[in-house]
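Have a look at the structure first.

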Amino acid sequence: MKNSLPTAFALVFGLLTLVGLLLIPGLAQLILGWAGFLAACALLLGLGNLFLIHSRRAIRANPYSLTLIGAMLAVILIGLADMLALTDGNTAQQLFQYLQQPLETAFSSLLAFFLLFAGFRLFQQRRDRWAGLFIIVVIILLIPLPAAGANLFNPLRALISALFVTAGLRGLLIGIALGTITLSLRLLTGSERPYSK
Amino acid sequence: MELTTLAILFFIILTGAGLMALTYRTQKGGAVKLRPHPGYLTLQKQVGQAVESGQPIHISLGRGSLSGRANPTSVAALTILNHLAEGSCANGMPPTVTTGDGTLLLAGQDQLRQVYHQAHRPAEYQPGMVQFQASSSDPITYAAGTSQVVNQQAWGSNILIGQFGQEIPLIIEAGSRAQAEQIISTDDPIALALAYPSAHALIIGEEHLAAGAYLNGQPAQLASLQLQDILRLLIIIAILLATLMGLLVSL
């Protein structure tokens, strides 16, 4: 009974949502609204989890956790001050605009360097035909820069992009779509139960 | 009723009936042979390696919400988590799990709680074994938080399963510095391309969604792979026919 209740619940609401999406849009909207509300509650629990874990580390004087807890409390206080009209009402937004966004952008800009190092490591560790092919394709794709000899590679680059990359990507996406359909069917028929073992 | 709705209903009923028929056939002993997958073979070795080396496993479940479009990707990730957690928790080497979504946090905690309960060690379960890093709308923050977890200690393996995007190299780089074996399983083409240079094993696209068949091998899971193959064959025939018709019309 304890195990079959979540399964029955999931099956009923899964099928109701499917019927709603196809035939009764209002019903689907209602159930999806409930799901959205539950997801928002889960996000709050997630923030609680983050706070508790870092509080324990902050007690042991972990500098990262101390910073995180301090920032979390500061943002909550600023948000409250904005809400109570103690500030101009825009401080939390400005904090994100001038602090969070530049930090995220700076971190994102490291992606190119990480990929470069990863490419070097790949060639050091796995000197097989696939590593060689990967490096060649990366070089060819990076060639549209106006450099001497670039014109020679442009047709090759266009061919790789239009033929092999597009075909490969479409094949991958068709496979993913088929996998999604069959997994969804298993969920709807109750033969896949990630919530109840 | 619109024609599109009718067509979708017809397709769902047809594929549902096909899945049930193939499941029945598999239950009655119909053989389903899976090709050996290097990614899943490497994944299955991780628990043993962690126990032998004394270095635990870090698993990141990605940031795909169970209440959104990424549901199948995250369900497959939970299947892999369950498989790894069963072995590692029974051997006293629990994994540390990170996630970028609230629904996955709760599902992950529930998985570990159930695994400990099945291993008759319910007292050893701690909710902090699954850690929320950032909301799914902040991929870079999620990657920064997860990288910090990876940097904290020596890991035997850094396993990234679920929905990731262009933030994945940041987590992989932390795993590379920790010299952990890195296994990536996702269905995002961008994340796959970015993960390729550093991953020791890669589970690509639909293979990620076939996690249940490879790790549990239940009849319905095996039957769904057969159904996928049949549907794929039909799509290939349809593409070839459409191309042929296009050529004939242009002539």
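What follows covers chain B overall, then its helix α4.

This is a predicted model, where local features need pLDDT of at least 70, side-chain atom pairs count only at pLDDT 80 or more, and totals for chains, interfaces and linings use all residues. Residues are numbered from 1 along each chain as its sequence is written, chains are lettered from A and ligands numbered from 1 in the order in which they are written, and side-chain values use heavy atoms, leaving out hydrogens and water.

Here's chain B in brief.

| Feature of chain B | Value |
|---|---|
| Helices and strands | ten helices, six strands |
| C-alpha box along the principal axes | roughly 65 × 45 × 40 Å |
| Buried share of the 251 residues | 54% |

Helices (H or I, at least four residues) and strands (E, at least two) are DSSP runs, numbered from the N terminus. Buried means under 20% relative accessible area, with a 1.4 Å probe and protein chains only.

Now for α4(B), which runs over residues 102–118 and spans 25 Å from first C-alpha to last, close to the 24 Å expected at 1.5 Å a residue. That expected span is 1.5 Å times one less than the number of residues. How many of its 17 residues are buried? Twelve are, so the helix is mostly covered. Among them are Leu104(B), Leu105(B) and Tyr116(B). The buried residues pack against α2 (25–59) of chain A, as well as β1, α3, β2 and β3 of chain B; contact means heavy atoms within 4.5 Å. Just past the helix, His120(B) has a positive phi of about 55°.

Note on methods: Buried < 20%, exposed > 50% of the residue type's maximum accessible area, 1.4 Å probe, protein only.
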